[in-house]
Amino acid sequence: MTGDQITIFALLGGVLVFFVWGRWRYDMVAFVALLVAVILGLIPVPQAFLGFGHPATVTVALVLIISRALSNSGVVDIAAQRVTAFGRTVAAHIGLMGGLAAALSAVMNNVGALALLMPVELQAAARQKRPAAQVLMPLSFASILGGLVTLIGTPPNIIIANFRAETAGAPFAMFDFAPVGGVTAVVGVLFVALIGWRLIPKERLDTISGEALFDLEDYVAEAKVPEGAEIVGQKVRDLDEVAEKHQVTVLGLIRGGKRLAGMARREVIRKGDLLVIEGGATDIDKLVTALKVEYVGVEGSKASLLKTEDIALMEVAVPPGSRAEGRNAQNLRLRYRYGVNLLAISRQGKPFRERVQNVEILAGDVLLLQGTADDLPEVVNRLGLLPLAGRGLQVGKRSQAGICVGIFAVAIAAAAMGVLALPIALACAAAVVVLLGIVPLRDVYHSIDWSVIVLLGAMIPIGAALESTGGTQLIAGALVDLSAGLPAVVVLVLLMVVTMTLSDIMNNAATAVVAAPIAVSVANTLGVNPDAFLMAVAIGASCAFLTPIGHQNNTLIMGPGGYHFGDYWRMGLPLEILIVLVSTPMILWVWPL
């Protein structure tokens, strides 16, 4: 190996280690790796940031904006309401919801599809008294499978298509993925509906049963302010420092038997007022002693004190890349900056509240937030969190749904017929939905998952460096030598399995960037059709079912479903084996070697 090859392999190895470690966000890891590659001379300076203007990167961003339009227009709400309208057996329900998730994921971002369907699924589970863990993993897997069907269904397909344009002169078209991906998706959804959900560990089914994740009744107390207390004359918000010191939250004020509006943070405390306090029982006692107020205690149902007409509670999931990930309530300054209280966190189905303000928030957690009914949804949106309660279909949404679907259909038709290049067609559609107000201008940039954009922008030049240094040919030669004397189809299967394994431990887009040039190099070495090998990479990169870190959807369901890291492979391993068995003959039939 040359010095440059050793360096690029070492760099990619370090990237993989940091991806698996998960301590730093994958977009930051990729961007730092890009800078290191430029400094070491592996990537010429003029090419350092070409990845951010690459057609694949731009297309992914546009798909995310259109996904927000489909969400805002109520298309998903209308479809979900019809699917969940009737009670059915577990298998039939999972099959219908999984089919809907797969269909939506074929035309919109699959993370967005899951985020929209998950609240609907949780509500259906509560109505039908089914464990959330029983239905959320099948829903996640089905949404991932749906991305296999079209060019825009998942970032790996977009990357593969654009790489083909660079090597063969023309990209894969919108529905070139459909014959292989469609059959694979249908078989996969049938598997999770008929067999897969039965493989979920029984103990998870007993952890969460469609009921609330949090029961705060024993953690809310009242404390009466006696005459002469030092806090008389202070404002409620002046108690924040001492409350945080004792790891509790002052939620509001009761005066004359009536809860004052909001959280009464600007209200001056008077003699005889009742402070509403939330926290651990021991911590509440300590605060009562410190403030020299009279402990009333927890008598009867105090959870109602958390909600009034203008105060709301909201359960939200933390997706990868949200502003809350890796920070705690104090770092986020939830109370000071947003006027929101973090009451509790549920992690892997287990709620805890002790010292919750100092707990580092992780992707997959479920948070219980309290704030004003008007402000809380906006705060949740700004933080990039996902509500677990249904939004309800707003007035006028049905007409917007038809318009949005029409705009999207015209764009897809224009791209499919070659009238416009796909990025241009999607850009036109995105501009129209913004001009019509389906996606407000203020939400355009919030619609884009910038962590994915940065990841792609950084990894595309690194993938090019792997190819330009000869590293791709070296890996391809090793694979061919490893399978010497075996049919080309065995090499194809081996490449798919290796890609699938990498996708289980690192981002699927990054996997596609690295594996695509290897696929073409292997095919050229064997003298066979490169398209077949690119399709194998597309399938393998998108099918991450063994771990919660391989795909954002798997991370997103971890908290609401109460899953543990080792739960995914029980359904995921047989599903991945089935996908290899189904997709391989389909590739050989549609894209013969």
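Visitor: Why does Leu-578 count as partly exposed?

Guide: In this predicted model, Leu-578 has a relative accessibility of 23%. Buried means under 20% and exposed means over 50%, with partly exposed in between. The value of 23% therefore makes Leu-578 partly exposed.

Visitor: Where does Leu-578 lie, and what is it in contact with?

Guide: Leu-578 belongs to helix 26, which covers residues 568–590. Leaving aside neighbours within four places in sequence, Leu-578 is in contact with Val-187 and Phe-191. Leu-578 and Thr-184 are 394 residues apart in sequence, yet their C-alpha atoms are 8.8 Å apart in space.

Visitor: What makes Asp-273 buried?

Guide: The relative accessible area of Asp-273 is 1%. Buried means under 20%. Asp-273 is therefore called buried.

Visitor: Where is the place of Asp-273, and which residues does Asp-273 touch?

Guide: Asp-273 is found in the loop between strand 3 (258–259) and strand 4 (274–278). Not counting residues up to four places away in sequence, Asp-273 touches Ala-223, Lys-224, Val-225, Leu-253, Ile-254, Arg-255 and Val-268.

Visitor: How many of the 593 residues of the protein chain, as a percentage, count as buried?

Guide: Of the 593 residues, 57% count as buried. The secondary structure of the protein chain comprises 26 helices and ten strands.

Visitor: What makes helix 5 roughly antiparallel to helix 6?

Guide: Two packed helices are described by the angle between their axes and the distance between the axes. The axes of helix 5 (residues 90–107) and helix 6 (residues 110–127) come within 9 Å and cross at roughly 155 degrees. Angles over 145 degrees count as roughly antiparallel, so helix 5 is roughly antiparallel to helix 6. Helix 5 passes helix 6 in a right-handed crossing.

Visitor: Which residues make the contact of helix 5 with helix 6?

Guide: Helix 5 contributes His-93, Met-97, Leu-100, Ala-101, Leu-104 and Ser-105. From helix 6 come Asn-110, Ala-113, Leu-117, Val-120, Glu-121 and Ala-124. By class, this contact has eight nonpolar, three polar and one charged residues.

Visitor: What share of the contacts in the protein chain with a separation of 6 or more joins residues 24 or more positions apart?

Guide: Residues 24 or more positions apart account for 79% of those contacts.

Visitor: What does the accessible surface of the protein chain come to?

Guide: The accessible surface comes to about 23700 Å², and 61% of that surface belongs to carbon and sulfur atoms.

Key: Residues numbered from 1 in each chain as written. Predicted model: local features only at pLDDT ≥ 70, side-chain atom pairs only at ≥ 80, totals over all residues. Heavy atoms only, no water. Axes fitted to C-alpha atoms, helices over the stretch in contact; angles between N-to-C directions. Helix = DSSP H or I, 4+ residues; strand = E, 2+ residues; numbered from the N terminus. Parallel < 35°, antiparallel > 145°, perpendicular 65-115°, else oblique. Left-handed = near helix turned anticlockwise from the far one by under 90°. Contact = heavy atoms within 4.5 Å. Nonpolar A, V, L, I, M, F, W, Y, C, P; charged D, E, K, R; others polar. Buried < 20%, exposed > 50% of the residue type's maximum accessible area, 1.4 Å probe, protein only. Areas by Shrake-Rupley, 256 points an atom, 1.4 Å probe, with all protein chains shown as cover.
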